[in-house]
Amino acid sequence: MIKRFLKRVFRRSQKAKKVGNARIIPFASHGVSRDQISYGSLKVTDGLQAAGYQAFVVGGAVRDLLLSKTPKDFDVATNATPEEVRRVFRRARIIGRRFRLVHVMFGEEVVEVSTFRRMVDAEDVQADEHGRLLRDNEFGDQEQDAARRDFTANALYYDPTTQEIHDYHDGYSDTENQILRMIGQPAVRYREDPVRMLRAVRLSAKLGMKLEAKTAAPINEMKNLLDNVPQARLLDEVLKMLLSGNSVACIQQLRQMNLHHGLLPLLDVIWAQPTGEKFIMLALHNTDDRLRQDKPVSPAFLFAALLWHEVLAAWNLRVKRGERPVGAMHEAMDEVLAKQKQQLAIPHRHDAVMKEIWLLQQRFEQRAGQRPYRLLEQPRFRAGYDFLLLRCASGEVPDDLGLWWDEFQDATAERQKEMLQPEGAAEKKRRRKPRKKPAAVAATAE
Ligand code: ATP
Ligand code: MG
């Protein structure tokens, strides 16, 4: 506490120098040292500078370090063109057709290097095949590069050699005050790229920063612009929200800003299922926790959770009509996936895992004979079991079922044997049903 106070007083007494329109903030004020920068991005900035170019760590990484958070990745910005960057490094490749970036590889680490860009006039705006606006697709200088970025906190340039930060838009004091502020006129910037509204929500929730009033104000009126953004790009952003480790905060923030409806079908699924809402919120909490503990999370598991209550409703309807449970489950899954495909743009590659997780749910009910042993051997057992626990926690199925599996999977062979339910009890019940139904149908048909 005292250290922080002294740091502040000390900072105030430091006079930041100015170079052109940039305020240069010295290490003594901001305290971000070169050792906090990743190995690869230091190699890139050092290499480019040695070759005579300007090179800075920029964007989310600088912001996160100032907020004492661990950056997800380090991006580098430079005045070297992509070809020039590639010439400096042995393992580098240019990616993207129109918005060209360079990936420089150092073992596992991939550093994304972008050339300073400037905004071009609105009439020259083009979108690439993913609907990304390419208004900022012309090379420019550092100051122009800062102006095309979204929030002041995202437009800070850190030079690892001098350990200075270059700041054109007061992003440093905004970051210190935990304010997320749009550069320029917020309404103009949202019109240029409506996804910035979602970024505002996501970043403020993730970083615990307050959305500046002027930055927040136009969102309510302008949210319909999101309708024009291609689904694939929205899905990207929504996935970033859901997998940010702060999905619950993001969802709450979306609700507060009244952005939650009509925004995109994937989120509407959440609101459309009052019975499933508890389940989905638990799934999101669980995802946030796992990410915080550095455990892996699979998008397929999350999609399976988001759609589960739709599958359940479709399945129940079919079983009531007299269909056999397993067949009805296959039909229900296909029906829900086909319907959601038109709206959600959930990539097909997740289908198989989602179906496996859903199908396992019925098998958890079967606790007699060899069936529980076979279930334990399923490669997807763990995901299915985690999913079952969420169902228990949401009150959809009795806790006993989750507890039974919790014990069974780690029990001794002897205890497992004791735990098995008598063969046929559940089976008989299920078999009796279909026999009755055809009879009833036959009776009414006559
Ligand atoms: P995260 O921690 O989620 O990676 P980030 O701010 O680094 O957050 P990225 O998508 O990695 O987000 O973008 C890197 C940088 O590019 C941002 O910090 C910002 O300066 C700029 N940027 C990204 N998207 C936009 C956009 N839609 N409009 C303007 N600038 C953008
Ligand atoms: Mg980033």
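**Ligand shell and nonpolar cores in a predicted model**

The model is a predicted one.

Arg-196 has a side-chain N or O atom 2.7 Å from a nitrogen atom of ligand 1. For Arg-149, a side-chain N or O atom lies 3.0 Å from an oxygen atom of the ligand. Gly-60 takes part through its backbone: one of its polar backbone atoms is 3.4 Å from an oxygen atom of ligand 1. On its own, ligand 1 has 590 Å² of accessible area, and the protein covers 84% of that area.

The nonpolar cores come next. The largest nonpolar core holds 37 residues. Within this core, Leu-284, Trp-308, Val-311, Met-354, Trp-358 and Phe-387 touch the most other members. Several helices build the core. At least two residues come from each of helix H12 (231-242), helix H13 (247-256), helix H15 (274-292), helix H16 (299-320), helix H17 (325-344), helix H18 (351-363) and helix H20 (381-393). Helix H16 supplies the largest share, 13 residues.

Neighbours within four places in sequence are set aside here. The contacts of Trp-308 are then Phe-279, Met-329, Trp-358, Gln-361, Phe-387, Arg-391 and Glu-396. Another core lies apart from the largest one and has 26 residues. Its members include Tyr-190, Val-195, Cys-250 and Leu-254.

Glu-212 sits in the loop between strand E13 (210-211) and helix H10 (213-216). Is Glu-212 buried or exposed? Its relative accessibility is 18%. Buried means under 20%. Glu-212 therefore counts as buried. With residues up to four places away in sequence left out, Glu-212 touches Ile-179, Leu-180 and Arg-181.

Definitions and conventions
Residues numbered from 1 in each chain as written. Chains lettered and ligands numbered in written order. Predicted model: local features only at pLDDT ≥ 70, side-chain atom pairs only at ≥ 80, totals over all residues. Heavy atoms only, no water. Helix = DSSP H or I, 4+ residues; strand = E, 2+ residues; numbered from the N terminus. Buried < 20%, exposed > 50% of the residue type's maximum accessible area, 1.4 Å probe, protein only. Contact = heavy atoms within 4.5 Å. Core = buried A, V, L, I, M, F, W, Y, C linked by side-chain atoms within 4.5 Å. Polar contact = N/O pair within 3.5 Å; in protein donor to acceptor, adjacent residues only side chain to side chain. Areas by Shrake-Rupley, 256 points an atom, 1.4 Å probe, with all protein chains shown as cover.
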